[in-house]
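Biologist: Could you show me how to read salt bridges in a model like this one? I'd like to follow a few cases step by step.

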Amino acid sequence: MSLMVECTIPKDDGTIASYVGYRVQHDNSRGPMKGGIRYHPEVDPDEVNALAQLMTWKTAVANIPYGGAKGGIGCSPSSLSKTELERLTRVFTQKIHHLIGINMDIPAPDMGTNSQTMAWILDEYSKFHGHSPAVVTGKPLDLGGSLGRDAATGRGVVIATEALLAEHGMPIRDQHFVIQGFGNVGSWAAKLIHEKGGKVVAISDITGALKNTSGLDIPSIIRYSKENGNIKDFTEAEAIDPECLLHEECDVLIPAALGGVLNRENASEVRAKFIVEAANHPTDPEADEILSKKGVVILPDIYANAGGVTVSYFEWVQNIQGFRWDEPQINNELRTYMMRAFTDIKDMCKQLDCDLRMGAFSLGLERVARATNLRGWEV
């Protein structure tokens with residue numbers, strides 16, 4: 001199901017502005033639908049639909065009881081004040097409240113949205129349906145959010161990387177990593193890899209890129225980034241061209257920023273042995289083929305970045321139980337789910353004699369198809 005709504009709000013200067021919002025629900029054969037809400041100028045129906053489908057397969061691979069959904073508003077959040085964002089979020093919630101729900105469709109933060117956005121959705125939804133903390137995930141802790149959620153996607157990426165490397169007889173310690181993107185996912189992945197003894201030799205964000213072949217001082221860079229909003233002027237590492245980051249020699253390349261960064265123009269120059277897709281769809285099909293021929297092992301996004309939605313599931317469960325788990329329990333459960341999913345993907349790869357991407361998608365499709373058949377729905 002797809003819904004497109006017009007959201008009209010008064011701006012702070014007294015003018016009226018209209019924005020188009022979307023919510024796409026792809027599949028609910030395995031449980032209520034789950035997917036983020038993004039605020040971005042380029043949000044459109046095709047993008048939202050594709051991301052909703054991706055969530056269906058991702059939740060199936062992680063084996064959590066959800067289907068796929070996605071939503072968004074075509075706007076530039078940086079050009080709106082906090083009060084304007086709140087008005088927009090509340091109007092959007094008023095238009096979609098009948099579609100979402102604890103056992104129907106559970107939104108979460110995505111690009112351009114955050115825990116505050118989820119707090120506004122929760123409050124507005126509760127005006128129609130009563131207090132319903134489980135209607136969204138990624139909430140502030142004070143409103144029923146989960147411990148460990150902020151680090152979840154990055155932590156899941158590191159657990160997935162550990163599983164992949166262990167399959168090849170390699171630990172994280174002393175391996176060389178390059179990470180493109182130093183936002184929430186990239187910075188948490190870098191921090192946890194550093195703590196495990198891995199050497200992060202190059203990183204980038206939207207402002208620039210840094211390199212140190214002996215290993216970057218990740219804790220200092222994280223502190224600098226929080227204080228300054230960027231990494232480009234950090235002086236205790238070599239500044240490099242961000243365009244060259246993907247070509248740096250390393251054991252593991254982790255694209256953790258935008259989609260489509262690995263393509264036919266640059267894939268042949270990649271010098272990593274492994275690629276762990278922390279971003280959504282960072283490798284286009286032509287690059288996938290080139291890299292496979294080079295012997296590069298790619299861990300696909302629908303598994304590698306599933307840590308976020310897995311801990312969102314834990315948040316939903318805690319809200320329904322009315323009982324908060326402690327952070328070690330959440331991190332241990334996340335490890336269990338991620339390691340079990342990797343084993344399931346490897347079993348599918350052996351069964352089909354295929355690579356990890358085909359194995360992961362086949363696993364997701366099989367689980368959705370099985371649930372669909374068991375319900376008596378036509379495939």
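**Reading charged pairs**

Modeller: Let's start with R271, which is partly exposed at a relative accessible area of 47%; buried means under 20%, exposed over 50%, and partly exposed in between, with a 1.4 Å probe and protein chains only. This is a predicted model, in which local features need pLDDT of at least 70 and side-chain atom pairs count only at pLDDT 80 or more, while totals for chains, interfaces and linings use all residues. Residues are numbered from 1 along each chain as its sequence is written, and side-chain values use heavy atoms, leaving out hydrogens and water.

Biologist: Which residue forms a salt bridge with R271?

Modeller: Side chains of opposite charge can pair when their charged atoms come close. A salt bridge here is a side-chain nitrogen of Lys or Arg within 4 Å of a carboxyl oxygen of Asp or Glu. R271 pairs with E249, with 3.7 Å between the closest N and O atoms. E249 is exposed, at 57%.

Biologist: How many salt bridges does the rule give?

Modeller: The count is 25. One of them joins R23 and D105, whose closest N and O atoms are 2.6 Å apart. These two residues sit 82 residues apart, R23 in strand β2 and D105 in strand β5; strands are DSSP runs of E, at least two residues, and helices runs of H or I, at least four, numbered from the N terminus.

Biologist: Are R23 and D105 buried or exposed?

Modeller: Both R23 and D105 are buried.
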